[in-house]
Amino acid sequence: MTRPALELRPGQHLTLTPQLQQSIRLLQLSSLELEQEISQALSENPLLERDETADQADAADPQREASVENDDNQPDTELRIEEMPGSGGVYPDDDSDTPQTARTDTLREHLLGQLILTRAGPRDAALAALLIDELDENGYLGSPLEEILTWLPEELEVDLDELRAALTLLQSFDPPGVGARDTADCLVLQLRHPDVSRLPEAANPDVLAAARLICAQHLPLLASGNPARLREALRCDEATQRAACTLIQRLDPRPGRAWTVPAADYAIPDVIVRKTRQGWQAVLNSAVVPRLQINGLYAQMLGNQRESNHAGLHAQLQQARWMIRNVEQRFDTILRVSQAIVVHQAAFFSQGPAAMRPLILKDIAGELGLHESTISRATTQKFMLTPYGTMELKRFFGTGVATDSGDSASATAVQEHIRQMVAGENRAKPLSDSQIMERLAGQGIVIARRTVAKYREALRIAPAAVRKAQAAAR
């Protein structure tokens, strides 16, 4: 039997110091997360404070972040962040997915206000209110009635017919289509009593009947983009089928979105790129760079005291110094990586996305003497303001696609070529993936048809058959 014994074995292992751990964590944070981290540190550490004099200097000189090393490097053009486009109502006329402004009340409040005005009894009103609480942000019923029924106490003796009656009452409210169980149900509800002033095609009984039949039974066929098969299923002429498709396109598949407050779809750039006489230059956006300093009074008091008497404060002083140093190092790393990206992607800043070059993390890491993981942290959730909008630094990296000239083009550039081809195509005869592949080959970019389909789907461009059907329905 083996007896237990103690044994010493020398070895080596890597240990991350607290300062290094904090440096890595701060580098991978976004600007918003960094501000939250600093706010927490300020509340917990009395020796750390904001440098108010630096903030006042920035406020007095709003162009400070645009300055470069000498006065001759003035920007040739002024870059502006364009306003996000949006629609202006419950039923937008354009293809925008998000309303520009949301209602002051919520969808629940809007529906409960209508419920109060009905003559429904207390029991029916309570069931309708229960269903209102089950609606999602788009106005759809989140759970089947059978499942909702199982949630109710048995002593209430609620049956399925009562829930169906409450749902019918809810579906009569504004906006049309609310309380639907799926997209087809939502569109059918909107066609039940259509507003002819907003939906003029619904004035024709044949068109209205065809639209109802499409929504109820043939939505997959409509999405397939085969108008001949759709006319055969409807047993109608081409004019009726086209008018019915136009009517369906005017409907809103998400009736509750006008009451949904959209998430902020913007990003504050960490870096701003400007064109100077020396070329494109990257500078930090001073609006996101925190100004920190050590509290002078506490530091002076600790300097006159022995460390053993105030060990806790001395530890906080060291933590404050680490925080200031690591924040400075974070932005220094981001700026170095950004300037290297600008150098490698100079053609993009001058010519646009179609000129994007292939670039991988290893290229920047080798050039700056940093690890690839550091480059990855410095480019994730970090944004750059360019002449073509605010872009995440990650978007400047991508593998290359070989060309006939022996050079390579980035995937972003190939996608931009595809987008331009589709934008300029004849809508009556849209380009198929094979035709796009042939046109790219004519430009020296040789890729497979399935790669074209992958890039097209990444751009959210529908297949040629669907684009043709959409054009025919307009």
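These legends describe close-up views of a predicted model. Local features need pLDDT of at least 70 and side-chain atom pairs count only at pLDDT 80 or more, while totals for chains, interfaces and linings use all residues. Residues are numbered from 1 along each chain as its sequence is written, and side-chain values use heavy atoms, with hydrogens and water left out.

**View 1. Helix 1 and helix 14 cross.** Helix 1 spans residues 18-28 and helix 14 spans residues 311-344. Helices are DSSP runs (H or I, at least four residues), numbered from the N terminus. Two packed helices are described by the angle between their axes and the distance between the axes. Here the axes come within 9 Å and cross at roughly 45°. Axes are lines fitted to C-alpha atoms, for helices over the stretch in contact, and angles run from 0 to 180 degrees between N-to-C directions. Helix 1 and helix 14 are therefore oblique to each other. Angles under 35 degrees count as roughly parallel, over 145 as roughly antiparallel, 65 to 115 as roughly perpendicular and the rest as oblique. The crossing is right-handed; that is, the near helix is turned clockwise from the far one by less than a right angle.

**View 2. Aspartate 133 pairs with arginine 108.** The structure holds twelve salt bridges. In a salt bridge, a side-chain nitrogen of Lys or Arg is within 4 Å of a carboxyl oxygen of Asp or Glu. For aspartate 133 and arginine 108, the N to O distance is 2.5 Å. The pair links distant parts of the chain, 25 residues apart: aspartate 133 sits in helix 5 and arginine 108 in helix 4. Aspartate 133 is partly exposed, at 43% relative accessible area. Arginine 108 is also partly exposed, at 43%. Buried means under 20% relative accessible area, exposed over 50%, and partly exposed in between (1.4 Å probe, protein chains only).

**View 3. Aspartate 161 pairs with arginine 164.** The closest N and O atoms of this salt bridge are 3.4 Å apart. Both residues belong to helix 7; being three residues apart, they are separated by about one helical turn. Aspartate 161 is exposed, at 53%. Arginine 164 is partly exposed, at 41%.

**View 4. Glutamate 425 pairs with arginine 467.** Their side chains meet in a salt bridge of 2.9 Å, N to O. Glutamate 425 lies in the loop between helix 18 and helix 19, and arginine 467 in helix 21, so the pair ties together parts 42 residues apart in sequence. Both residues are buried.

**View 5. Loops hold backbone exceptions.** Most residues other than glycine have a negative phi, and most peptide bonds are trans. The bond from aspartate 174 to proline 175 is cis, with omega near 5°. Proline 175 lies in the loop between helix 7 and helix 8. Arginine 235 has a positive phi, near 60°. Its loop runs between helix 11 and helix 12, and arginine 235 is exposed, at 79% relative accessibility. Arginine 460 has a positive phi of about 60°. Arginine 460 lies in the loop between helix 20 and helix 21 and is exposed, at 79%.

**View 6. Isoleucine 148 is buried in helix 6**. Its relative accessibility is 0%. The C-alpha atoms of isoleucine 148 and glutamate 134 are separated by 8.9 Å. Along the chain, these two residues are 14 residues apart.

Note on methods. Helices (H or I, at least four residues) and strands (E, at least two) are DSSP runs, numbered from the N terminus.
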